[in-house]
Amino acid sequence: MSVTQAASDEVLIARIAQGDRLAMQVLYGRHHVRVYRFGLRLVRDEQAAEDLISEVFLDVWRQAGKFEGRSAVSTWLLAITRFKALSALRRRKDFELDEDAANAIEDSSDNPETVVQKKDTSEALRECLTGLSPDHREIVDLVYYHEKSVEEVAEIVGIPENTVKTRLFYARKKLAELLKAAGVERGWP
C-alpha cells in the first residue's frame, strides 16, 4: 500500500466520521476484498465471511470518529475483522454443541489428590520465594506472575535489560536450590 493511499484512507475515515456516504463507498471498494479474504481464512465459511464484511463496515461507519490513527486504516479494518470473526466462531461453537458432543467431552479437571499436590507445591513455592533477595523476588514476580517481558521489566524497574536477564538467571538458580531443599520435584503435578 502506498503512502498516498494510506493517507487518503485516513482522510476517508475522517469524512466517514462526518457522515459522508461516498467516502464510505470508496473505503469499502478499496478494502472489502481484503477484509473478506481475511475473514474467510478465519471462519472458513463463505456466508459467514460475507456477514463479517457487513459487520466490519457497519462498525467502521459507527466508529469512524473514534479512529485514533495509531495504525493504518487497513490494519484497523483487519483488527475489527479478526475480533468479529473470533466472536462469530465462539457463537457458532456454543450454538453447535449438542448433547452427544457435550457427553463426549472428557473431564480434564484435576482429581482431589492432584489438587492437594498442587496446593502443597504452590505453598512450598511461595515459601521458597521469600528466600530470594528482594531484587530477585521482584524480577520473578514481574516475569512470572504479571507476565511482563524482559524489556517491560527493565522499564518498570529502571534497570538495563541485561541486568534483568542476569537477575532472572540467578533467581531461577536460587529458587531451584530452595525448592530442591524443600523436597519439591521439578514440574507441576
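A crossing of two helices is called right-handed if the near helix is turned clockwise from the far one by less than a right angle. With that term in hand, let us walk through this structure, which is a predicted model.

We can begin with the overall layout. The protein contains nine helices and zero strands, and reading along the sequence gives the pattern α-α-α-α-α-α-α-α-α. Of its 189 residues, 29% count as buried. Among the contacts between residues at least 6 apart in sequence, 58% join residues at least 24 apart.

Now for how some of these helices meet. Two packed helices are described by the angle between their axes and the distance between the axes. Take H6 (residues 112-129) and H9 (residues 161-181): their axes come within 9 Å and cross at roughly 125 degrees. That angle makes H6 oblique to H9, and H6 passes H9 in a right-handed crossing. On the H6 side, the contact is made by Ala124, Leu125, Cys128 and Leu129, while H9 brings Leu175, Leu178 and Leu179. By class, this contact has seven nonpolar residues, with no polar and no charged ones.

Next, look at H2 (residues 21-43) and H3 (residues 46-63). Here the axes come within 8 Å and cross at roughly 140 degrees. An angle over 145 degrees would count as roughly antiparallel, but H2 and H3 are oblique to each other. The crossing of H2 and H3 is right-handed. Residues from H2 in this contact include Met24, Leu27, Tyr28 and His31, and those from H3 include Leu52, Ile53, Val56 and Phe57. The residues of the contact of H2 with H3 divide into 15 nonpolar, three polar and three charged.

Some of these residues turn up again inside the protein. The largest nonpolar core has 23 residues, and those touching the most other members are Ile13, Ile16, Leu27, Phe57, Val60 and Leu77. Two or more residues of this core come from each of H1 (3-17), H2, H3 and H4 (73-96).

Methods:
Residues are numbered from 1 along each chain as its sequence is written. This is a predicted model: local features need pLDDT of at least 70, side-chain atom pairs count only at pLDDT 80 or more; totals for chains, interfaces and linings use all residues. Side-chain values use heavy atoms; hydrogens and water are left out. Axes are lines fitted to C-alpha atoms, for helices over the stretch in contact, and angles run from 0 to 180 degrees between N-to-C directions. Helices (H or I, at least four residues) and strands (E, at least two) are DSSP runs, numbered from the N terminus. Angles under 35 degrees count as roughly parallel, over 145 as roughly antiparallel, 65 to 115 as roughly perpendicular and the rest as oblique. Contact means heavy atoms within 4.5 Å. Ala, Val, Leu, Ile, Met, Phe, Trp, Tyr, Cys and Pro count as nonpolar, Asp, Glu, Lys and Arg as charged, and the others, Gly among them, as polar. A nonpolar core is a set of buried Ala, Val, Leu, Ile, Met, Phe, Trp, Tyr and Cys residues joined through side-chain atoms within 4.5 Å. Buried means under 20% relative accessible area, exposed over 50%, partly exposed in between (1.4 Å probe, protein chains only).
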